[in-house]
2 protein chains.
Amino acid sequence: MRAIIGHNWRMKTKPQHDHSAKLLQVTELLQRSGIRPTRQRTALARYLFDGCDKHMTAEQVHAAMRKAKTGVSLATVYNTLHQFTEAGLMHQVVIDSNRVYFDTNIHDHHHFFDETTGMLHDVPAKHVHISRLPKLPAGRELDRVDVVIRLRAGK
Amino acid sequence: MRAIIGHNWRMKTKPQHDHSAKLLQVTELLQRSGIRPTRQRTALARYLFDGCDKHMTAEQVHAAMRKAKTGVSLATVYNTLHQFTEAGLMHQVVIDSNRVYFDTNIHDHHHFFDETTGMLHDVPAKHVHISRLPKLPAGRELDRVDVVIRLRAGK
DNA sequence: ACACAATTTAGAATTATTCTAAAATGGCTC
DNA sequence: GAGCCATTTTAGAATAATTCTAAATTGTGT
């Protein structure tokens, strides 16, 4: 049964358009990050790094995979999101009490958090100027500065 | 030694002594916030609002209560921390993936998050200048801006 | 094709938190 | 202070997100 797809298991799942190009890009992206491009990881990467910035929880990503009929277990979604994060391909954003969002936008940016909808929105770094930072404690260096602009319903 | 500060519970104080004075202050604080000062709530308030800024998880607060031999159940600790937060007596800070910190410092300030120790430290607002903010989406108003300066081990 | 390492997986385990319904307490009125 | 009703507290069950585990599968070099 697998013989049919034979040498190229990658063709099994279909993106909308742009097959080969996107696939090449994604497998290369993973390889360059030292991550072996398995079927599951490629499917996830293809979905996540399609050029649209996404803020999603692991469960949401898993649901998207189900919908796309790509067999990727929840455990693998968690593992892979963590790997991608560690490789710097995406970020984790923790804002809501018990929800971790994975953010595929790795450009310098900040966030609006809309308390009425629970949604997260990007704010390009250029729209926030931080003109002064405190002196860092000894023996530590700056990892990054997260700015979350919390919004509530207003006039 | 404490009579001097008497009327101002905000003043930096050492915990330990000052029973009567502190009690009056605390019950008043609760009443002014529309919270009935029961035994448990008073015990928690006394511990939390002793003048020292604290960043604690609910479990940690519960542990402190046990140590102080004050019978307060975990459920009550959760309930009460939420009430206090809603009344504006303290804030919630969410940073670490699955840990909610309650912060007794309600002055304008920001945080260092030390990734190596998992600890949170205050940064007075004056040490961080945000000189530009984006235009807010329609129908929303600013609740607050949280700045978390993430630190990692460095030279 | 073969073997060995890496990966995936289902389901169990863990952890922080919330819920529930019963017991205790607080604040009234008489 | 006894009686009463609303509020609060509580132990333990329930939930939800995440991690762990150990077995099955897949990938890769030979």
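Visitor: How many bridges does strand β4 (residues 109-114) of chain B make with strand β5 (residues 119-124) of chain B?
Guide: This is a predicted model, in which local features need pLDDT of at least 70 and side-chain atom pairs count only at pLDDT 80 or more, while totals for chains, interfaces and linings use all residues. Residues are numbered from 1 along each chain as its sequence is written, and chains are lettered from A and ligands numbered from 1 in the order in which they are written. Helices (H or I, at least four residues) and strands (E, at least two) are DSSP runs numbered from the N terminus, and two strands pair if DSSP finds at least two bridges between them. For β4(B) and β5(B) the pairing is antiparallel, and the number of bridges is six.

Visitor: Which residue in the turn of the hairpin formed by β4(B) and β5(B) has a positive phi?
Guide: Within the paired strands, B:Phe112 has B:His121 of β5(B) as its bridge partner. Four residues lie between β4(B) and β5(B), and the one in the turn with a positive phi, of about 75°, is B:Gly118.

Visitor: Why can the buried residues of α4(B) be said to line one face of the helix?
Guide: A residue is buried if 20 or more other C-beta atoms, placed from the backbone, lie within 10 Å of its own, exposed if 12 or fewer, and partly exposed in between; in α4(B) the buried residues are B:Val77, B:Thr80, B:Leu81 and B:Phe84. An α-helix has 3.6 residues a turn, so residues three or four places apart point the same way. On the other side of α4(B), B:Ala75 and B:Glu86 are exposed. Taking directions from the helix axis to the C-beta atoms, the buried residues of α4(B) line one face because they fall within an arc of 105°.

Visitor: What distance separates the end C-alpha atoms of α4(B)?
Guide: The expected span of a helix is 1.5 Å times one less than its number of residues. For the 13 residues of α4(B) this should give 18 Å, and the separation of the end C-alpha atoms agrees, at 18 Å.

Visitor: Which element supplies the largest share of the side of chain A that touches chain B?
Guide: With two residues in contact if their C-beta atoms, placed from the backbone, lie within 7 Å, 35 residues of chain A and 34 residues of chain B take part. β6 (129-132) and β7 (140-153) of chain A each supply at least two residues of the chain A side. The largest share of that side, 14 residues, comes from β7(A).

Visitor: Which residue of β6(B) stands opposite A:His129?
Guide: β6(A) and β6(B) (residues 129-132) run antiparallel and are joined by three bridges. Opposite A:His129 stands B:Arg132.

Visitor: How many polar residues does the surface near DNA strand C have?
Guide: A residue is near a strand if its C-beta atom, placed from the backbone, lies within 6 Å of it; 23 residues surround DNA strand C, the closest being A:Thr38, A:Ser73, A:Ala75, A:Thr76 and B:Val100. Ala, Val, Leu, Ile, Met, Phe, Trp, Tyr, Cys and Pro count as nonpolar, Asp, Glu, Lys and Arg as charged, and the others, Gly among them, as polar. The surface near DNA strand C has six nonpolar residues, six charged ones, and a polar count of 11.

Visitor: Which element gives the largest share of the surface near DNA strand D?
Guide: Around DNA strand D there are 24 residues, and the closest are A:Val100, B:Thr38, B:Ser73, B:Ala75 and B:Thr76. Four residues, the largest share of this surface, come from α4(B).
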